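I opened the notebook on this model to look at the ligand site.

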Amino acid sequence: MTELPAGSVIGILGGGQLGRMLSVAASRLGYRTHIYEPGAAPAGDVAHAVTTAPYEDEAALRSFAQSVDVITYEFENVPTAALDLLESIRPIRPNRRALAVSQDRLTEKDFLSEIGLRTAPYRNVETEADLPQALADLGAPAILKTRRMGYDGKGQIRFADTAQRDWTGAPSVLEGFVAFSAEVSVIVARGADGQVAAFDPGLNVHREGILRTTTVPCGLSNTLLMDAVLIAAKIVNALDYVGVMGVELFVTPGGLIVNEVAPRVHNSGHWTQAGCAVDQFEQHIRAVAGLPLGDGQRYADVEMENLIGDDIDRVPALLKQPRTQVHLYGKGAARPGRKMGHVNRVL
Ligand code: AMP
């Protein structure tokens, strides 16, 4: 792949905060971005162009694709038909296989197992009728997750015992409960030339299913740190991936277990803005533009904290704190659970 010339336009599917920070990174490298987003687009404030249209609007998709040089995404649940149309006009990076794997939890777990990585024990629960057998196989506690469109713990039901009967309403997977001591994630990048660079694994703390903080260093032993990076590298190599990926891992006494992968920049990688010379957003733009990757070396200890809902009221105080970067997403109303911004504290 040749390098994308300066002034080229990178199309981004999805106009949330990830698209916003990708757009800023792209502009620093001399590129422009065009956002495609059916709803409100905080990324639009800092982009060259915005298309506001549903993913079913073929004419809008076609003219969007024709106006850009390459297409990437900050949202992995773009409908297949839209992707087929876009890909017939411009290349999509990361590739379709990465999207297919991450759009469906069953496909994802099957893929991870095929390449020899450990996941939680799982069963396909295509319909409600499959549930009793799956619960009998895996035992309780267990978690039922919709195969598609789940995020931030949405579409999930916990089963405390095998006699419990609940249904998500859609094809699902049942996962055996993993007794983990910590959740960590690796943000890994693979360039168009196959070069791989990983950032230091971060320790993630969730509340009510939503990421609250990521801290680096994450406190893992050197052996587990190495394992985490090797797992992430194996995944991107197996997918012939180009771009940044977030790989979420459970730490257990028996080693690391892959929870899920996100084929995009990831909330748990925001700390790289304060800890690295090249952050995850620039790294992703470099990869999709065919530029050499930056190094993933970490130069500081950092804690990233998400500003969720009313946390936004703390911004005046946060602005007065030393060694603190404040990032605001330019969203309107602060609803409970809505990610409004984040801070990176250099420790
Ligand atoms: P997910 O949407 O799959 O990332 O799940 C959201 C959160 O639920 C994870 O970050 C974990 O804290 C928890 N969780 C998910 N799957 C499991 C599992 N198999 N065992 C234990 N905890 C889990």
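Which side-chain atom lies 2.6 Å from an oxygen atom of the ligand? I found a polar side-chain atom of glutamate 183 there, a polar contact (a pair of N or O atoms within 3.5 Å). The protein covers 93% of the 480 Å² of accessible area that the ligand has on its own, by the Shrake-Rupley method with a 1.4 Å probe.

I note that this is a predicted model, where local features need pLDDT of at least 70, side-chain atom pairs need 80 or more, and totals for chains, interfaces and linings use all residues. Numbering starts from 1 along each chain as its sequence is written, and side-chain values use heavy atoms, without hydrogens or water.

Next I checked the backbone. A ligand nitrogen is 2.8 Å from a polar backbone atom of valine 178. For glycine 176, I read 3.1 Å from a polar backbone atom to a ligand nitrogen.

Then I listed the shell.

Last, I looked for cavities: on a 1 Å grid over the protein atoms alone, sets of points where a 1.4 Å probe fits but cannot get out. I got 1 cavity of 30 Å³ or more.

Definitions and conventions
A polar contact is a pair of N or O atoms within 3.5 Å; within protein, one must be able to donate a hydrogen and the other to accept it, and residues adjacent in sequence count only if both atoms are side-chain atoms. On a 1 Å grid over the protein atoms alone, a cavity is a set of points where a 1.4 Å probe fits but cannot get out, and a pocket is an open set with protein on both sides within 12 Å along at least five of seven lines; lining residues have an atom within 4 Å of a point. Grid points are joined across faces, edges and corners, and a volume is the space filled by probe spheres set on the points.
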